Amino acid sequence: MTDESMGYREKAYALLQADAEKIIQLIRVQMDHLTMPQCPLYEEVLDTQMFGLSREIDFAVRLGLVEAKDGKTLLDRLERELSALHEAVTKKRVR
């Protein structure tokens with residue numbers, strides 16, 4: 001692998017990480033306010049962002065810029081953040 005192609009791989013992964021961080025920030029804002037994530041607008045934005053990121057990852061994997069396992073790791077991290085949000089909201093409702 002050439003230095004140039006390695007640079008593209010690192011840049012591609014860094015861009016995907018940045019996009020994942022933006023989604024995580026959306027999730028954390030909701031957690032900070034513990035607003036119900038079932039708000040249609042919130043769900044629409046989050047679903048659109050998650051779908052877009054999964055397509056970006058798929059494209060980068062198909063180009064050979066990102067390993068499939070690395071892309072899955074990014075998506076798994078987002079899933080954990082979402083689970084934490086839903087758990088926090090559920091606990092708040094039970095009180």
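In which helix do Lys 72 and Asp 76 both lie, and how many residues apart are they? Lys 72 and Asp 76 both lie in helix H3, 4 residues apart, which is about one turn of the helix; helices (H or I, at least four residues) and strands (E, at least two) are DSSP runs, numbered from the N terminus. This is a predicted model, in which local features need pLDDT of at least 70 and side-chain atom pairs count only at pLDDT 80 or more, while totals for chains, interfaces and linings use all residues. Residues are numbered from 1 along each chain as its sequence is written, and side-chain values use heavy atoms, with hydrogens and water left out.

**Confidence**

- The mean pLDDT of the protein is 84, and 82% of its residues reach 70 or more, where pLDDT is the predictor's confidence in each residue, from 0 to 100.
- Confidence is lowest in H3, at a mean of 84, and highest in H2, at 88.

**Nonpolar core**

- The largest nonpolar core has 17 residues, of which Leu 16, Ile 23, Ile 27, Leu 46, Leu 53 and Leu 78 touch the most other members; the elements that give two or more residues to this core are helix H1 (3-33), helix H2 (40-63) and helix H3 (68-94).
- A nonpolar core is a set of buried Ala, Val, Leu, Ile, Met, Phe, Trp, Tyr and Cys residues joined through side-chain atoms within 4.5 Å, and buried means under 20% relative accessible area, exposed over 50%, and partly exposed in between (1.4 Å probe, protein chains only).
- Leaving aside residues up to four places away in sequence, Leu 53 touches Leu 16, Asp 19, Ala 20, Ile 23, Leu 75 and Leu 78, a contact being heavy atoms within 4.5 Å.

**Salt bridges**

- The count comes to 8 salt bridges, each defined as a side-chain nitrogen of Lys or Arg within 4 Å of a carboxyl oxygen of Asp or Glu.
- In helix H1, where Lys 22 and Asp 19 are 3 residues apart, their side chains meet in a salt bridge (3.8 Å, N to O), and Lys 22 counts as exposed because its relative accessibility is 55%.
- In helix H3, the side chains of Lys 72 and Asp 76 meet in a salt bridge (3.3 Å, N to O), and Asp 76 counts as partly exposed because its relative accessibility is 29%.

**Asp 58 and its surroundings**

- Asp 58 forms a salt bridge with Arg 55, the closest N and O atoms being 3.4 Å apart, and Arg 55, Asp 58 and Arg 62 are linked in a network of salt bridges.
- Asp 58 counts as partly exposed at 27% relative accessibility, and Arg 55 is also partly exposed, at 42%.
- Asp 58 and Gly 71 are 13 residues apart in sequence and 7.9 Å apart in space, C-alpha to C-alpha.
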